[in-house]
Amino acid sequence: MNNKAIIIGCGIAGPVMALALKRVGIDATIYEAQPMPNDTKGAFLGISPNGLNVINDFLPLQEILTDYTPGKISFFNAQNKPIGLIDNAHQKDLYGSETVQLKRGLLNGALRKAAEQAGITIKFGKRLISLSQGHENTVTAFFEDGSQAEGNLLIGCDGIHSATRSCLFQDAIKPTYTGLLSTGGFTMIPGLSNLAGSIRMTFGQRSFFAYALSNKGEVWWFNNISQPDEPSQSELSQLEQAALKEKLLALHKHDPYPIADIIQAAQSIEIYPVYDIPFLPQWHKGRVCLIGDAAHATAPHIGQGASLALEDTVVLAKCIRDLPSLTEAFNRFQSLRQERVQTMIRQARKVGDSKTVPNAFQRFFRDLLLPFFVKMEAKKMDWVYSYKVDWESKIT
Ligand SMILES: Cc1cc2nc3c(=O)[nH]c(=O)nc-3n(C[C@H](O)[C@H](O)[C@H](O)COP(=O)(O)OP(=O)(O)OC[C@H]3O[C@@H](n4cnc5c(N)ncnc54)[C@H](O)[C@@H]3O)c2cc1C
């Protein structure tokens, strides 16, 4: 009997995993560490057709396309010279949907509500601290508040710093700091309407900056700062907003309009160190399996982390539906997914490395080579976007 699932984490993968399991006859309850839903938290992220097509299987895309910026990307060098374009004009015809940037809170909220509407229970304030797989056919999750839950299988959808992963593997690989910090936020700048149509990414003199105008006229922006030493959480939380703003203004001092204006107008700036998990040899143990960032976090530079997490949900549900045991299902899931995600993790690292510019000499060659690099990367994306999971086909 594998009909009762525990899902840890109600971010991007969690609610869709629960919906996919319901489709194959398994009831799931989601346990989320946050004390309550917060649909305004976080910055924004890109979702491409391979991720959007999974969402569209469970809720109409119109429900999330209420507040967005375009997915088309135009690249500039520090002199504001256009150096490349990733166009999504034909994505709808080719893949059925078109890359967009969405606020994380809006996406999380829509996925969570879709799960709730389907009758899935979500329990908040449930931070997983340990797991037990002692008894046949069951797994027990223990939470920080002293409560526990029992199921026949458990899926860890608890993100890059996954507690499920640490509980499963004593020597679990820790996420690797990639040498970049990401900052970003939302702001209003009157008079920027002529820049609508694409997200504009600038390889600035000392730092990388991207911004776009949303359908509601808001400016969404992010920057990447090269910082070789990993900052501690307390270092980041003690960083005053005013000091961060000054740092960003100094980094972008020589970069084109309106970068400094956007930073100057920012009300609240988020800051995150960028991590990835280059390779986790085993994604499952016993009745527990990891998906999404918990298994294979990728740096955000090719905008694929969320879409990969979404792809995982439907592939894993099909494996569980079609294979005779959980062990076979989890093994098959990992073998079907690992090569694809590893390739993207490596690609994202490569793009991230191009954002670091230690000196003028390297900057000169970077600007010379970037147009070719951008063109090559854009060409390489078809295999990423065209990925579609066919529910009807059987996994053998
Ligand atoms: C700055 C930045 C920019 C990004 N940009 C993009 C982008 O443009 N495109 C893209 O596709 N991806 C992007 N990503 C990556 C993307 O956010 C992740 O790949 C995606 O959120 C992974 O989904 P997930 O469900 O695996 O994890 P998450 O969405 O992180 O969800 C994990 C959930 O688990 C909960 N949780 C954590 N620990 C516990 C616990 N112990 N017990 C219970 N619950 C727990 C968390 O509160 C959270 O709700 C970006 C990431 C960052 C940091």
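Here are some questions and answers about how features of this predicted model get their labels.

The model is predicted, with local features needing pLDDT of at least 70 and side-chain atom pairs pLDDT 80 or more, while totals for chains, interfaces and linings use all residues. Residues are numbered from 1 along each chain as its sequence is written, and side-chain values use heavy atoms, leaving out hydrogens and water.

Q: Why is isoleucine 7 called buried?
A: Buried means under 20% relative accessible area, exposed means over 50%, and partly exposed is in between (1.4 Å probe, protein chains only). Isoleucine 7 comes out at 0%, so it counts as buried.

Q: What makes Tyr31 a contact of isoleucine 7?
A: Contact means heavy atoms within 4.5 Å. Leaving out residues up to four places away in sequence, isoleucine 7 touches Tyr31, and also Met17, Leu21 and Ile155, among others. Isoleucine 7 and tyrosine 31 sit 24 residues apart in sequence, yet their C-alphas are 6.1 Å apart in space.

Q: What is meant by a nonpolar core, and which residues touch the most other members of the largest one?
A: It's a set of buried Ala, Val, Leu, Ile, Met, Phe, Trp, Tyr and Cys residues joined through side-chain atoms within 4.5 Å. The largest one here has 111 residues, and Leu21 and Ile155 touch the most other members. Helix H10 (residues 305–322) gives the largest share of this core, 10 residues; helices are DSSP runs of at least four residues and strands of at least two, numbered from the N terminus. Apart from that core lies another of 17 residues, including Phe44 and Leu370.

Q: How do you know that strands E9 and E10 pair?
A: Two strands pair if DSSP finds at least two bridges between them. E9 (residues 128–132) and E10 (residues 139–143) have four bridges, in the antiparallel sense.
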